Amino acid sequence: MAALDDRLLNEFQRDFPLTSRPYAEIAARLGTDEGAVLATLGELVAGGKVSRIGATFVPGRIGAATLAALSVPQGRLQQLAELVSSFPGVNHNYEREHHFNLWFVITGPDESQVDAVVRDIERAARCGRVLSLPLVEPYHLDLGFDLDRAGSETAPAREAGARRKTQGRNGNLHPASFILHPSEHALVSALQEGLPLTSAPYAELALRAGTTEATVIATLKRWLDARVINRLGVIVRHHELGYHANAMVVWDVPNADVRAVGRRVAAAPFVTLCYRRLRHLPDWRYNLYCMIHGKDRSQVLAQITELRANCNL
């Protein structure tokens with residue numbers, strides 16, 4: 001990657017400037033001009049390396065969500081994947097190497113609507129029970145993807161990762177639901193598309209939400225301070241950046257121990273996500289999850305072995 005690409009991808013996944021001209025501020029920090037920043041980000045979006053410039057919300061703070069799974073015969077996988085993706089609220093959908101091979105995330109304004117979508121998918125798919133695995137407690141969630149972490153992690157990268165994980169553990173592990181003002185729902189909807197690649201993106205976001213630029217900036221700052229939003233910045237697509245080895249690892253941990261074990265798992269430098277979810281008995285007894293993203297499958301498998309040994313799992 002060119003130097004500007006590299007810095008935009010790795011340095012601006014969080015702490016995006018909350019000023020009227022954020023891309024100009026980024027350009028000043030990088031010693032270039034606003035046009036170059038906008039053009040480079042546009043190329044990264046067009047090339048699939050960046051999903052959007054936007055926000056990631058803390059699960060459970062507004063609305064509701066669940067991770068769900070189906071066991072699908074291989075011959076029906078493409079058909080049912082397309083069916084699942086057609087339902088409102090399904091925003092991730094992928095195949096994994098397991099008897100439960102189709103995994104998807106459903107979001108909605110409340111638990112009853114999410115549960116209704118789960119039941120609708122179950123009836124339409126005619127493929128057995130849908131596992132619905134709502135989040136119970138996060139230990140490390142979406143504070144950015146460290147692109148310097150590629151087998152031989154540099155000391156600054158390790159320190160930055162440790163700081164992010166410490167920040168993610170501060171305060172209440174699973175804060176209570178946040179009540180939005182009725183006028184703020186429009187801003188949540190407008191954010192789904194991300195920040196536009198224009199000189200004054202918050203002003204354009206304000207037009208979408210029917211408010212003012214100053215209100216948008218103040219609201220985003222308040223949401224970040226209240227941990228409604230985990231981070232605001234560049235949302236990268238790790239697969240398109242060469243991180244093809246993607247493992248979701250699950251364990252059956254006694255409920256009395258899961259918080260302490262989860263924190264130890266989350267502290268590993270190569271763990272990108274870690275959380276507790278409800279079990280779905282008798283089909284699924286696991287309650288502790290983590291994600292590991294790597295460029296090489298054998299490296300990720302070795303990291304899983306290391307994690308098991310270090311955390312006595």
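**View 1. Salt bridge between Glu 11 and Arg 7.** In this predicted model, the side chains of Glu 11 and Arg 7 form a salt bridge with an N to O distance of 2.8 Å. Both residues belong to helix H1 (residues 3-11), where their spacing of 4 residues places them about one helical turn apart. Glu 11 is partly exposed, at 40% relative accessibility. Arg 7 is also partly exposed, with a value of 36%.

**View 2. Salt bridge between Arg 119 and Glu 122.** The side chains of this pair meet at 3.4 Å, N to O. Arg 119 and Glu 122 lie 3 residues apart in helix H5 (residues 111-125), a separation of about one helical turn. Arg 119 has a relative accessibility of 35% and counts as partly exposed. Glu 122 is partly exposed as well, with a relative accessible area of 23%.

**View 3. Salt bridge between Asp 252 and Arg 279.** The closest N and O atoms of the two residues are 2.6 Å apart. Salt bridges with shared partners join Asp 252, Arg 279 and Arg 285 into one network. Asp 252 is partly exposed at 39% relative accessibility, and Arg 279 is partly exposed with a relative accessible area of 26%.

**Overview. Salt bridges in the structure.** The structure holds 12 salt bridges, including Glu 11 with Arg 7, Arg 119 with Glu 122 and Asp 252 with Arg 279.

Note on methods. Residues are numbered from 1 along each chain as its sequence is written. This is a predicted model: local features need pLDDT of at least 70, side-chain atom pairs count only at pLDDT 80 or more; totals for chains, interfaces and linings use all residues. Side-chain values use heavy atoms; hydrogens and water are left out. A salt bridge is a side-chain nitrogen of Lys or Arg within 4 Å of a carboxyl oxygen of Asp or Glu. Helices (H or I, at least four residues) and strands (E, at least two) are DSSP runs, numbered from the N terminus. Buried means under 20% relative accessible area, exposed over 50%, partly exposed in between (1.4 Å probe, protein chains only).
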